[in-house]
Amino acid sequence: LLQVRTADSPHPRFDLNNDASLVIDIPDALCERDKVKFTVHTKTTLSSFQKPEYSVQRQHEDFIWLHDTIVETEEYAGLIIPPAPPKPDFEGPREKMHKLGEGESSMTKEEYAKMKQELEKTVQVHEVFLQRLSSHPMFRKDRNFQIFLEYDQDLTVRRKNAKEMFGGFFKNMVKSADEVLISGVKEVDEFFEQEKNFLLDYSSKIKDATAKAEKMTRSHKNVADDYNHISGALNNTAADNNTAFKKHLEKCAEVFEKLRKVEDRMASDQELKLTELLRYYTRDIQAAKDLLYRRARALADYENSNKALDKARLKGKDVAQAEENQKQCLQKFDKLSESGKKELTSFKARRVVAFRKNLIEMTELEIKHAKVRRLKCYVYHYMFIRQCSGILI
Amino acid sequence: MSGSCGRIPPPFPDNEDQEAESDTRVLDSDEDDDDEGEDIFTGARSNPITPTSAPDEGDIFSEEGSYIRSDVHHATNGLHPDEEELDLFTEATVELTLTNTTSQGRREIIGPTASACNTTQVPNSILKPSIVTKTTEELEEEESGDQFELNIAVTNPEKIGDGMNAYMSYKVSTQTTLPMFLNKTFSVRRRFSDFLGLYEKISAKHSLLGCIIPPPPQKSVVGMTKVKVGKEDSSSAEFVEKRRAALERYLQRVVAHPSLLQDPDVREFLERDELPRAVNTQTLSGPGLLKMINRASDAVNKMTIKMNESDNWFESKLQEVENEEQLLRRLHAAVDSLVNHRKELCSNTAVFSKSVAMLGSVEENSALSRALSQLAEVEDKMEQLHQQQAFSDFFILAELLADYIRLLGAVRCCFEQRMKVWQRLQEAQSTLQKKREAEAKLLWANKPEKLQQAKDDINEWESKVSQYERDFERVTCTVRKEVLRFEKEKARDFKQHIVKYLESLLHTQHRLVKCWEAFLPEAKAIA
């Protein structure tokens with residue numbers, strides 16, 4: 001059982017609550033076996049809510065349900081839908097948690113710390129998801145969103161029912177979406193043509209950067225592990241040897257153990273801010289692309305309806321129906337284009353702001369930590385000399 | 001004298017780090033430390049790094065000495081909710097004064113000198129002479145010894161010739177005040193086989209006496225072939241640098257040995273312009289040498305059981321040596337892994353840097369685009385830092401361990417020599433016994449003409465036995481002395497190297513701070 005109170009942690013928070021009328025946060029999360037339970041805390045002055053404050057327990061699957069229902073909602077087709085938070089991934093620690101539950105083994109301090117960090121990260125992405133919804137004029141009014149925030153029981157039953165209803169229609173569409181976009185939908189609108197090209201290019205580059213960042217972080221952790229092994233090998237000296245050399249090795253083992261933490265933290269810092277930022281925006285760019293896909297689909301529908309209308313006119317049958325269909329398709333397409341333009345424009349601004357904020361925070365964090373690490377290295381160096389000289393035991 | 005020990009070398013060897021900032025704190029000698037400690041440590045209230053770090057920080061201070069006050073414990077520990085930080089390094093540069101503690105009587109063994117800059121790969125920071133900090137005892141000890149200096153450097157590798165007959169020639173420079181040399185400073189050019197030849201000569205003369213002979217660097221067919229063939233890539237440059245450094249360390253160890261230094265062959269090696277080509281060095285290189293050492297250990301193992309030790313010292317010492325060798329091998333494997341992972345980190349960082357640059361080039365917002373390309377440059381600098389650190393990992397740690405693994409092998413050889421001498425004594429004693437028995441038989445058989453011969457034989461063998469007894473005594477004494485000297489040297493060597501290594505880490509962290517500080521305004525400039 002692992003609990004994290006996010007309020008206490010200096011873990012970076014996005015905090016998109018820009019409007020006091022609906023403020024959401026996740027003050028803590030519980031990790032039980034392999035299930036994470038988030039406490040979703042809402043404070044609101046909106047009349048659509050029955051109470052001014054709520055605190056409910058939600059699981060990751062509930063967030064996914066919420067995301068999916070929003071995706072499937074026709075009304076929101078012209079909006080960028082905040083990407084779903086990724087599933088909490090504990091991997092190794094997860095197995096440990098299992099074993100813990102069965103009373104088999106105990107967690108080392110390091111494993112515990114890693115779990116805690118993972119937990120904090122996952123809280124962050126889930127929180128951001130909700131805050132994106134609450135800060136958007138349309139999403140905040142969503143009925144299912146309200147249920148998510150208010151309903152004090154388990155959402156599991158509701159989720160099951162919803163799945164049967166929707167069947168993931170739009171989700172399946174996304175798979176072939178790339179072809180739809182790329183296969184040369186004739187784009188009349190310059191804005192969307194540019195957006196399409198930009199998003200496609202940016203999307204592949206940010207995915208690449210994310211993957212490379214992850215690889216880099218992994219090698220850094222390998223380096224940290226090596227210090228651990230070195231320290232372990234040093235600790236295995238014969239107990240009977242009391243020479244100066246032996247003492248040096250002992251001190252060395254201690255220092256290397258500490259160096260492991262230094263290197264490990266270096267890797268974590270970069271991961272925390274930069275890699276997480278890249279990961280988040282990879283997902284967000286995908287959400288923007290999804291909007292383009294939906295619009296492209298609507299355009300295709302409109303073109304099909306035109307063809308159908310021509311055919312109907314030719315045959316002289318069902319013309320009125322075809323006309324109505326065409327009108328609706330055009331309306332839908334226009335609506336998507338209009339709101340899509342707004343969304344994509346604000347998305348640009350949002351992206352720049354978020355990058356700025358995160359790059360600054362990351363840099364400040366790096367500087368601060370590097371200074372502490374520098375101080376530590378300085379102290380280790382100093383201490384090692386003193387101890388070896390016999391001035392300190 | 002206490003004031004001169006425990007001086008910390010400046011962590012930032014290059015000039016650009018001299019900052020004209022206001023507060024410059026000087027960490028001076030012990031006596032001032034209490035006050036300085038207060039200045040430096042009390043005010044530092046750095047923010048928590050991550051929640052994971054908090055509980056651990058107490059360790060380094062609580063267990064490691066009362067010197068640092070509990071304030072410090074507080075300083076880097078704990079979850080401080082307030083955002084204010086009086087970070088030590090924000091305003092000030094901690095400048096550490098270095099007074100080189102070399103009093104004039106010291107025979108210095110310096111690290112690779114700056115003049116080895118010809119090699120492309122190894123950065124200057126590693127090449128600067130290591131600052132040796134010594135304890136009071138060590139300094140006093142040295143002062144009581146020779147009042148002369150001897151510094152050796154191996155530099156300027158040059159390829160002579162072409163194709164498969166090509167070889168590398170190295171400049172061996174000596175700087176000394178020892179009277180036995182013709183000049184005070186001089187240099188010669190030597191090739192690898194010359195070094196092996198030197199080893200052969202030294203070994204032939206001194207190993208029988210029970211001296212620990214420093215083993216030469218290993219031959220490498222692969223490495224040398226690449227160089228011969230003329231591959232101008234980084235791996236062959238790395239190989240040459242590795243060899244150059246190893247040759248230097250080898251010579252430094254040879255001259256650090258008091259009896260070897262007196263050897264005319266050593267002198268000739270350092271001084272004479274042209275050396276006759278050393279032949280028959282095959283057995284002494286790489287696998288040949290290794291085989292010899294391994295044979296030695298086998299022999300020793302067989303003999304240990306039989307030898308009647310008057311005191312346990314030799315038996316237990318040999319065991320210690322063997323255990324230590326195992327430990328060092330394990331360590332070496334772990335450090336090797338570190339070096340490889342660090343190199344991986346290097347290349348992954350370079351790759352990441354490029355992908356960030358690509359992202360920046362696609363980005364439509366111009367300020368963000370610029371910031372991203374700046375970020376790519378920062379990552380590039382990080383790659384260089386990792387590269388430098390990998391060099392430190394290798395040259396300071398891995399090579400040290402490799403050297404000592406081989407040195408321990410040489411120590412075992414030394415024990416084997418003693419065994420051989422003992423065995424010779426045993427054999428002589430048994431021969432003497434046989435001669436005595438033969439004499440007795442002759443007396444009994446009453447053959448007076450052969451008796452004289454028997455008596456002569458006995459005399460001969462009696463004197464041999466007492467000779468060999470003396471030899472054994474001497475070897476025993478020498479081995480003992482050698483081992484003690486070796487152990488002292490080893491402890492000092494390891495300490496120096498670890499200190500140097502920690503310096504390299506400190507240096508890396510400092511450059512990291514600079515890197516990120518330079519980037520911050522770029523990030524802030526995004527609009």
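**Helix packing and its setting**

Buried residues account for 53% of the 527 residues in chain B, and for 55% of the 393 residues in chain A, where buried means under 20% relative accessible area, exposed means over 50%, and partly exposed lies in between, with a 1.4 Å probe and protein chains only. The model is predicted, so local features need pLDDT of at least 70 and side-chain atom pairs count only at pLDDT 80 or more, whereas totals for chains, interfaces and linings use all residues, and side-chain values use heavy atoms, with hydrogens and water left out. Residues are numbered from 1 along each chain as its sequence is written, while chains are lettered from A and ligands numbered from 1 in the order in which they are written.

The secondary structure of chain B comes to 15 helices and five strands, and that of chain A to ten helices and four strands; helices are DSSP runs of H or I with at least four residues, strands are runs of E with at least two, and both are numbered from the N terminus. In chain A the order of elements from the N terminus is β-β-β-β-α-α-α-α-α-α-α-α-α-α. Taking a contact to be heavy atoms within 4.5 Å, 73% of the contacts in chain A between residues at least 6 apart in sequence join residues at least 24 apart, and in chain B 77% of the contacts with a separation of 6 or more are between residues 24 or more positions apart.

Two packed helices are described by the angle between their axes and the distance between the axes. Here the axes are lines fitted to C-alpha atoms, for helices over the stretch in contact, and angles run from 0 to 180 degrees between N-to-C directions.

Between the chains, the axes of α9(A) and helix α15 (residues 448-524) of chain B come within 10 Å and cross at roughly 15°. The two helices are therefore roughly parallel to each other, given that angles under 35 degrees count as roughly parallel, over 145 as roughly antiparallel, 65 to 115 as roughly perpendicular and the rest as oblique. The crossing of α9(A) over α15(B) is left-handed, a term for a near helix turned anticlockwise from the far one by less than a right angle, with clockwise giving right-handed. On the α9(A) side the contact includes A:Phe245, A:Leu249, A:Cys252, A:Phe256, A:Leu259 and A:Met266, and on the α15(B) side the residues include B:Phe494, B:Ile498, B:Tyr501, B:Leu505, B:Leu512 and B:Trp516. By class, this contact has 17 nonpolar, three polar and three charged residues; Ala, Val, Leu, Ile, Met, Phe, Trp, Tyr, Cys and Pro count as nonpolar, Asp, Glu, Lys and Arg as charged, and the others, Gly among them, as polar.

Also in α15 of chain B is B:Gln453, which is partly exposed, with a relative accessible area of 47%. Its C-alpha atom is 9.0 Å from that of B:Glu439, 14 residues away along the chain.

Within chain A, helix α8 (residues 190-235) and helix α10 (residues 319-388) pack at an angle of about 40°, with axes 12 Å apart. That angle makes α8(A) oblique to α10(A), and the crossing is again left-handed. Among the residues that meet are A:Phe191, A:Glu195, A:Phe198 and A:Tyr202 from α8(A), and A:Gly340, A:Leu344, A:Phe347 and A:Arg351 from α10(A). This contact has nine nonpolar, three polar and four charged residues.

The loop between α9 (244-315) and α10 of chain A holds A:Asp318. Most residues other than glycine have a negative phi, but phi of A:Asp318 is near 50°, a positive value in a residue that is not glycine.

Cysteines complete the picture. With a disulfide taken as a pair of cysteine sulfur atoms within 2.5 Å, a search of the whole structure finds zero disulfides over all chains. A:Cys377 is buried, with a relative accessible area of 2%, and its sulfur is too far for a bond because the closest cysteine sulfur, in A:Cys252, is 13 Å away. A:Cys329 is buried as well, at 15% relative accessible area.
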